[in-house]
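Q: Before we look at the model, could you show me how to read its domain contacts and its aromatic rings, giving the general idea and then the case at hand?

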Amino acid sequence: MSFKNEYLKEVMDRVIARNAGEPEFHQAVREVLESIEPVIDAHPEYVKMGIVDSIVEPERIIKFRVPWVDDNGKVQINRGFRIQFNSAIGPYKGGLRFHPSVYEGIIKFLGFEQIFKNSLTGLPIGGGKGGSDFDPKGKSDMEVMRFCQSFMTELSKHIGADTDVPAGDIGVGGREIGYMFGQYKRLRNEFTGVLTGKGLTYGGSLARTEATGFGLCYFVDEMLKDNGKSFEGQTVVISGSGNVAIYAAQKATELGGKVVALSDSNGYIYDKNGIDLDAVKQIKEVERKRIKEYLNYHKDAQYTEGCSGIWSIKCDIALPCATQNEIDEKSAKTLVANGCYAVGEGANMPSTLEATKVFLDNGVLFAPAKAANAGGVATSALEMSQNSMRYSWTFEEVDAKLKGIMQNIYKNASSAAAEYGMKGNLVAGANIAGFLKVANAMLAHGIV
Ligand code: NDP
C-alpha cells in the first residue's frame, strides 16, 4: 500500500533514509503510518507540531560494549543496546532481548511497537526496548551470570524505577532478570523496582510469568465472543515453546481449545491428542532442552525439522508466539486455505505486512501483537505499582486485573477502528488508539 497523504509519505521516506539497513524498523513504522492516515487527515495540529516526525525518532539510543569471560577463561565481547524511544506518557518500559540476531534495527522496531502497546494498556508507561547479540543457549549458569553482570554494569547508568524499567523478552527469563537485579542492587545500593519479571522472593508479581500468554488468550477470547465464537472445541496451533507460547497453550486449553502443535527454532511437534504441557514445561523450563525431546514422553507424537512448516497443520486458531516475520504470505495463504479463521499474535510482529493483508482480505479475525500481547507489559506495570506500594496482590487479583485490561484493549481498538470507518480491522484500531493518547500527551508537552 502507498500513502495518499503526502506528509506521511515524506516521513516514511525519511525513516528509510535515516535508518538504512533496518528493514524490521521500516516495516513497523509503515504499518503504523498507514493506519493513522485518517487521523492525520483529520488533525492538522499533529502535522504542525511535528508529532509524527518526533514519534519515529527515538529520544535516546544507548549502545555499549559488553565484555565477559567464558568458562575457558577466554574474553568474549558482545554488544548491548537500550533504546529509550518515547517517554510522553510514562517512564520507558519494555523488555531486553538476548539473541544472536539482535542489532540496532531489531531493538528499534521493538521499541517503536512498545510505545503504542504500552499506551493501549491504559497504564502510565512509555516505550523502550533493549538487548544484546549474546546467545544464552548452551551457556553455563555462571557464564550467563557474568554476562548479565557486565551488561548491567553499563545499563545501570541509564535506567531507574522512575526513568526506565526493563523486563524480559526472548532469551531473558527469571534467571537473567535475577542476575541483572542483583548487580543493579549492588552497584546502586538501592532496592527498587528497576526491573520487572523479578522472582517472587524479591519483589516480583504473581501472574507475571503467565501474563503475556494468558493475556493473548483473553484478548482472542473477547474477539471470538464478539463474533459469536469461542475457543471451545477448536484446534489451536501455537509456534514457539518459550514463555509466551507455553502460557498461551495453558490458557487456550483451559478455555476449551485443543493445542496440537508447538515449535522451537529447530522444528515443531504435532500431537493429535493435544499437547502435554507438563512435559513441555519439564523440557523447556527445567531442562532447557529442544522441543524434539517431547518424543521421549509421547512416542506417537510427530517431530518435523524446520519451524515454518508448523503453519501447514490444519487448525481453527493460530497463535504465532515465537518471533518476528515467522508467518509470510505463503504460510498465511496455507492457513486460510486450511480453514484457519482466527489469528492472535503473541510474538511481536510475527506476520509480515503481506501476510497480514492475506488475513484481513480473507476475513480472518486478526488480533495484532500490539494489542493482543500487551498483557505482559501491563502486568509488569502492575508489578511496578506493587513495588511502589511495597505490597503484593494475590494471583487471582493480578489475573483479574489482567483480564480487565485485555478486554478494555479489545474494546478500545475495535471502537477506534469503527470510528475511523474500518470496522473489524484491529490492526488499524490498535494503531490509532495507541497513537492518539501518546500524540496528545506530546502536544501538551510542546516541542521537547
Ligand atoms: P522465549 O525466549 O521464552 O521463547 C522464544 C521461543 O521462540 C522459543 O521457543 C524459541 O526457540 C523461538 N524462537 C526465537 N527466535 C526464533 C527464530 N528466529 N526462529 C524460530 N523460532 C524462534 O521468548 P518469549 O516467549 O518471551 O518471546 C516470544 C515472542 O513474544 C517474542 O516475539 C517477544 O518479543 C514476544 N513478547 C514477549 C513478551 C514476554 O512477556 N515475554 C511480551 C510481549 C511480547 P529457540 O529456543 O529454539 O530459540
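Q: How many salt bridges does the rule find across the interface of domain 1 and domain 2?

A: A salt bridge is a side-chain nitrogen of Lys or Arg within 4 Å of a carboxyl oxygen of Asp or Glu, and across the interface of domain 1 and domain 2 the rule finds one. The model is predicted, so local features need pLDDT of at least 70 and side-chain atom pairs count only at pLDDT 80 or more, while totals for chains, interfaces and linings use all residues. Residues are numbered from 1 along each chain as its sequence is written, and side-chain values use heavy atoms, with hydrogens and water left out.

Q: How much area do domain 1 and domain 2 bury between them?

A: Buried area is the accessible area (1.4 Å probe) that two parts lose on being put together, summed over both. For domain 1 and domain 2 it is about 970 Å², with 67% of it on carbon and sulfur atoms. On the domain 1 side, E24, F25 and I55 supply 53% of the area buried against domain 2, more than any other three residues.

Q: How many aromatic pairs does a search of the whole structure find?

A: A pair of aromatic rings is described by the distance of the centres and the angle of the planes. Rings of Phe, Tyr and Trp (its six-membered ring) pair if their centres lie within 6.5 Å, and planes under 30 degrees apart count as stacked, over 60 as edge-to-face and the rest as tilted. The search finds 19 such pairs, among them F64 and F151, a tilted pair at 5.4 Å centre to centre with 50° between the planes.

Q: Which parts of the chain does the pair of F64 and F151 link?

A: Helices (H or I, at least four residues) and strands (E, at least two) are DSSP runs, numbered from the N terminus. F64 is in strand β1 (residues 60–69) and F151 in helix α7 (residues 141–155), 87 residues apart. Both F64 and F151 are buried, where buried means under 20% relative accessible area, exposed over 50% and partly exposed in between (1.4 Å probe, protein chains only).
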